[in-house]
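Work through the exercises below with the sequence and the 3D view open. Each task is followed by a solution in steps.

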Amino acid sequence: MDKLVIEGGHRLHGEVRISGAKNAALPILCASLLTAEPLTLTNVPRLNDVRTMRALLSQMGVRQQSDEPDAVTLDASQIDWPLAPYELVKTMRASILALGPLLARCGEARVSLPGGCAIGLRPVDQHVKGLQAMGAEIDLTHGYINARAPRLRGASFVFDVVTVTGTENLMMAAVLADGVTTLDNAAREPEIVDLAACLGAMGAKISGAGSDRIVIEGVPHLRGTRYAIMPDRIETGTFLAAASATHGDVLVRGASIDALAAVVDKLREAGARIDVDGDAMRVRGNGELRAANVRTAPFPAFPTDMQAQFMALATRAAGASVITETIFENRMMHVQELKRLGADIEVEGNAAIVRGATRLTGANVMATDLRASACLVIAGLIADGETTIDRIYHLDRGYERIEEKLSALGASIRRVGST
Ligand code: EPU
């Protein structure tokens with residue numbers, strides 16, 4: 001298992017280019033299942049989760065070809081196995097995104113139930129209920145969701161909870177359904193808008209993506225297209241936080257401010273200077289950082305996927321920051337690791353009170369999930385001395401070449417293989 005070794009204390013400076021968004025790429029890869037024509041995707045990030053999703057699609061019979069870097073053409077003219085097996089689903093929950101498109105295209109699907117994960121229980125009941133509302137017969141046996149529907153029919157469905165992949169799954173199911181589907185209390189994340197745009201380019205009729213009511217008029221077939229995945233807003237936010245925390249000066253290229261307004265506002269509140277010019281953001285963290293309170297909530301509020309990284313920065317801010325997690329019940333695992341680096345953090349229920357400014361000191365720490373890993377990288381960058389982060393396979397799931405990008409910005413960071 002690889003580790004990252006970081007020698008802290010270097011200000012980040014220079015330019016970094018943001019990769020394609022993991023959480024847009026994963027549903028859009030699954031959208032290839034909806035058409036018998038080739039779908040070419042560009043700006044596809046080189047991540048382990050993307051590799052896992054491509055392996056899953058391959059197993060189903062989707063042929064793939066990469067003629068250009070960061071691009072892939074998927075050909076689902078033939079789907080041999082409408083099946084997402086436990087072995088793959090257990091390594092990546094987003095495999096559930098195959099359920100809606102498989103059912104819509106093949107009339108049947110068998111997808112393993114994901115089970116709990118490090119950050120929370122994460123049930124998929126809304127995915128199942130929504131498909132049932134569209135006429136699917138579903139039983140849960142032997143750990144699998146077994147779904148059948150010769151042709152899904154349009155339906156009105158109100159989500160009990162706001163769910164990102166739930167909204168995406170039902171949207172993909174509805175594009176080939178008979179009639180109109182209305183999804184209320186839908187998630188509004190930018191990745192949903194990106195998926196809707198790709199589906200639209202494939203001939204789907206979708207309105208309202210980005211609002212809490214999405215209306216989809218089913219069509220008999222979708223066609224192939226060429227589509228560029230949006231930039232990763234969480235990778236962008238991670239670099240903004242890292243630059244601010246190290247009192248650096250970084251130009252982040254290929255970003256989208258609209259997708260990240262809540263994070264930019266909070267970083268500014270904490271004392272970072274951020275100037276936006278088109279798709280470039282310059283972040284300067286030269287003054288003293290101040291405490292800022294953060295509460296995670298569905299888009300457009302502060303994203304749960306940036307909570308851990310903000311916490312690392314908060315250790316360096318003067319005063320008490322209250323960081324409240326409202327999306328996942330167990331997304332504070334990084335707190336214990338930050339404490340090993342000397343952070344002063346108290347957890348009460350779903351809130352962490354971070355008192356700063358603290359001088360962190362390097363230590364051995366363990367990554368527990370993807371965003372916790374990014375938090376520890378930022379902490380390592382600001383800590384005195386050497387920090388070694390174990391279990392960075394979590395990081396490789398969602399950040400493309402992070403140590404290369406950080407090294408180019410002046411960080412002292414290297415990957416070492418386990419002995
Ligand atoms: N929920 C239910 N029932 C459902 C679905 C969700 O109760 O059927 C609950 C969850 O347990 C959670 C809340 O609803 O408490 C929101 O979960 P959501 O379904 O929105 O999460 P997700 O779709 O599984 C996506 C991202 C996550 C991100 C969350 C929240 C992808 C592939 N994953 O997960 O990304 O944290 O939305 O924004 O899009 C990450 O990239 O590190 C990551 C975990």
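**Exercise 1: a residue in a strand**

At 0% relative accessibility, Leu74 counts as buried; buried means under 20% relative accessible area, exposed over 50%, and partly exposed in between, with a 1.4 Å probe and protein chains only. The model is a predicted one, in which local features need pLDDT of at least 70, side-chain atom pairs count only at pLDDT 80 or more, and totals for chains, interfaces and linings use all residues. Residues are numbered from 1 along each chain as its sequence is written, and side-chain values use heavy atoms, with hydrogens and water left out.

Task: find the strand in which Leu74 lies, and the residues that Leu74 is in contact with.

Solution. 
- Step 1. Leu74 belongs to strand S5, residues 72-75. Strands (E, at least two residues) and helices (H or I, at least four) are DSSP runs, numbered from the N terminus.
- Step 2. Contact means heavy atoms within 4.5 Å. With neighbours within four places in sequence left aside, the contacts of Leu74 include Leu29, Pro38, Leu57 and Val62.
- Step 3. Ala242 is 168 residues from Leu74 in sequence, and their C-alpha atoms are 35 Å apart.

**Exercise 2: the shell around the ligand**

Task: state how many residues surround the ligand, and which helices supply at least two residues each.

Solution. 
- Step 1. The ligand is surrounded by 21 residues, with Gln126, Thr163, Thr165, Asp305 and Ile327 the closest.
- Step 2. At least two shell residues come from each of H1 (22-31), H5 (125-133), H6 (164-174) and H12 (370-382). H5 gives the largest share, three residues.
- Step 3. Next come the polar contacts, pairs of N or O atoms within 3.5 Å; within protein, one atom must be able to donate a hydrogen and the other to accept it, and residues adjacent in sequence count only if both atoms are side-chain atoms. Ligand oxygen atoms lie 2.9 Å from a polar side-chain atom of Lys22, 2.7 Å from a polar backbone atom of Gln126 and 2.8 Å from a side-chain N or O atom of Arg371.
- Step 4. The protein buries 87% of the 820 Å² that the ligand exposes when taken alone; these areas come from the Shrake-Rupley method with a 1.4 Å probe, and for residues only the protein chains shown count as cover.

**Exercise 3: helix H6**

Task: say how many residues of H6 are buried, and what lies at its start.

Solution. 
- Step 1. Nine of the 11 residues of H6 are buried, among them Gly166, Glu168 and Met172.
- Step 2. At the start of H6, a side-chain oxygen of Thr163 comes within 2.9 Å of the backbone nitrogen of Gly166.

**Exercise 4: backbone exceptions**

Task: locate Pro300 and Asp70, and describe the backbone at each.

Solution. 
- Step 1. Most residues other than glycine have a negative phi, and most peptide bonds are trans.
- Step 2. Phe299 and Pro300 are joined by a cis peptide bond with omega about 15°. Pro300 sits in the loop between strand S18 (294-295) and H10.
- Step 3. Asp70 is not a glycine, yet its phi is positive, near 65°. Asp70 is found in the loop between strand S4 (63-65) and S5, and counts as partly exposed because its relative accessibility is 27%.

Notes. A residue is near a molecule or strand if one of its heavy atoms lies within 4 Å of it.
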